[in-house]
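Subject: Structure handover

Hi,

Here is the structure I promised to pass on. Please open it alongside this email.

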Amino acid sequence: KKPTWLTIMENGSIGEARTKALLLDRFWVLERSVDIEGADFIVQRRALAHKLNSSRALFGLVQAKFLQDTSTTVYISPDYLLDEQNQARDSFFLIAHTGTEDEQSLYFLTAQQVIDDFKPVVAGKKHAHKYKLDGAALLVNKYELGRSALLRLIEQALDRADALKNREYFQPYVPAQDIDRPPVLMNRHTCPKAAS
C-alpha cells in the first residue's frame, strides 16, 4: 500500500501541472516560489499595455487542487478568499482536478462561491478558520466546466474586478520599477553573445 504522504505529493504535482497547462492557453503564468497552501499561480492578462494603473484588473490568483475522489477534502485559507474589508476577492479562483487519463474532470469556483457554499472550520480544531471543501460537495455538476468555459470565466471576472484593489493585492509580486515597463524582448540585440 502506498504511504499517504506519497499520495499527497503525487496529487499536488498532478493538480499543479494540469492547472499550469490549462492557464497557459490564455494567460501569462507567474509562479510563487513558496506555496504554503498548495500550488498557486498568478495569472496575467496577455496584453501589450502593462500599466498596473489601467482601469482593468491585470492579475488573478489561482489555487490548484487535485482530489483523488469524493472522500478527499481540501482547505482554503480565508486570506485567499477575503480582502481587508472582509469582502470576497474578485480575482481569486480555485481550479480542482479529478480523474486520470481519459476520465479527467475540471471544477472551478470563485472566492464568492467558496464563501457562499462552504463553511470555515471552527476555532480550536485542526485547519481552524479555513474553508473546508468536501470532495462530495465540490465534485458536482454545479462546478464542473470545460477548459474554454473556465478560462472565459476567469477573463470575465478580471473584467469586472476592482483594478485598484487588484493592483494593491498584487503589488508585492510585481517590483515597483517594473510597473510601467513592457516585458523585455530577448533577442540577439538585447542579449550579449557568448565570447565563443
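Below is what I found, taken topic by topic. One caution before that: this is a predicted model.

Aromatic pairs

The structure holds 3 aromatic pairs. Two are described here. In one, the ring centres of Tyr-80 and Phe-92 lie 5.7 Å apart. Their planes meet at 55°, so this pair is tilted. Tyr-80 sits in helix H2 (residues 78-81), and Phe-92 sits in strand S5 (residues 92-98). The two are 12 residues apart, and the pair links distant parts of the chain. Are these residues buried or exposed? Tyr-80 has a relative accessible area of 9%, so it is buried. Phe-92 is at 1%, so it is buried as well. The cut-off for buried is under 20%.

Phe-118 and Tyr-143 also form a tilted pair. Here the centres are 6.2 Å apart, with 35° between the planes. Phe-118 is in the loop between helix H3 (111-117) and strand S7 (119-120). Tyr-143 is in the loop between helix H4 (135-138) and helix H5 (147-160). The pair therefore ties together parts that are 25 residues apart in sequence. Both Phe-118 and Tyr-143 are buried.

Strand S3

How many residues of strand S3 (residues 59-66) are buried? The count is 8 of 8. In a regular strand, side chains alternate between the two faces of the sheet. In S3 both faces are covered. One side carries Phe-59, Leu-61, Gln-63 and Lys-65. The other carries Gly-60, Val-62, Ala-64 and Phe-66. S3 pairs with S5 in the parallel sense, over 6 bridges. Gln-63 stands opposite Leu-94 in S5.

Nonpolar cores

The largest nonpolar core has 26 residues. Which residues have the most contacts inside it? They are Ile-76, Leu-81, Phe-92, Tyr-131, Leu-133 and Leu-138. Elements that each supply at least two residues of this core include S3, strand S4 (73-76), H2, S5 and strand S6 (105-110). H3, strand S8 (131-134) and helix H6 (163-170) each supply at least two as well. Phe-92, from the Tyr-80 pair, is thus on both lists of interest here. Tyr-131 touches Val-74, Pro-78, Val-114 and Phe-118, among others. A second, separate core has 19 residues, including Leu-22, Ala-64, Leu-151 and Ala-157.

Best wishes

Conventions:
Residues are numbered from 1 along each chain as its sequence is written. This is a predicted model: local features need pLDDT of at least 70, side-chain atom pairs count only at pLDDT 80 or more; totals for chains, interfaces and linings use all residues. Side-chain values use heavy atoms; hydrogens and water are left out. Rings of Phe, Tyr and Trp (its six-membered ring) pair if their centres lie within 6.5 Å; planes under 30 degrees apart count as stacked, over 60 as edge-to-face and the rest as tilted. Helices (H or I, at least four residues) and strands (E, at least two) are DSSP runs, numbered from the N terminus. Buried means under 20% relative accessible area, exposed over 50%, partly exposed in between (1.4 Å probe, protein chains only). Two strands pair if DSSP finds at least two bridges between them. A nonpolar core is a set of buried Ala, Val, Leu, Ile, Met, Phe, Trp, Tyr and Cys residues joined through side-chain atoms within 4.5 Å. Contact means heavy atoms within 4.5 Å. Lists of a residue's contacts leave out its neighbours within four places in sequence.
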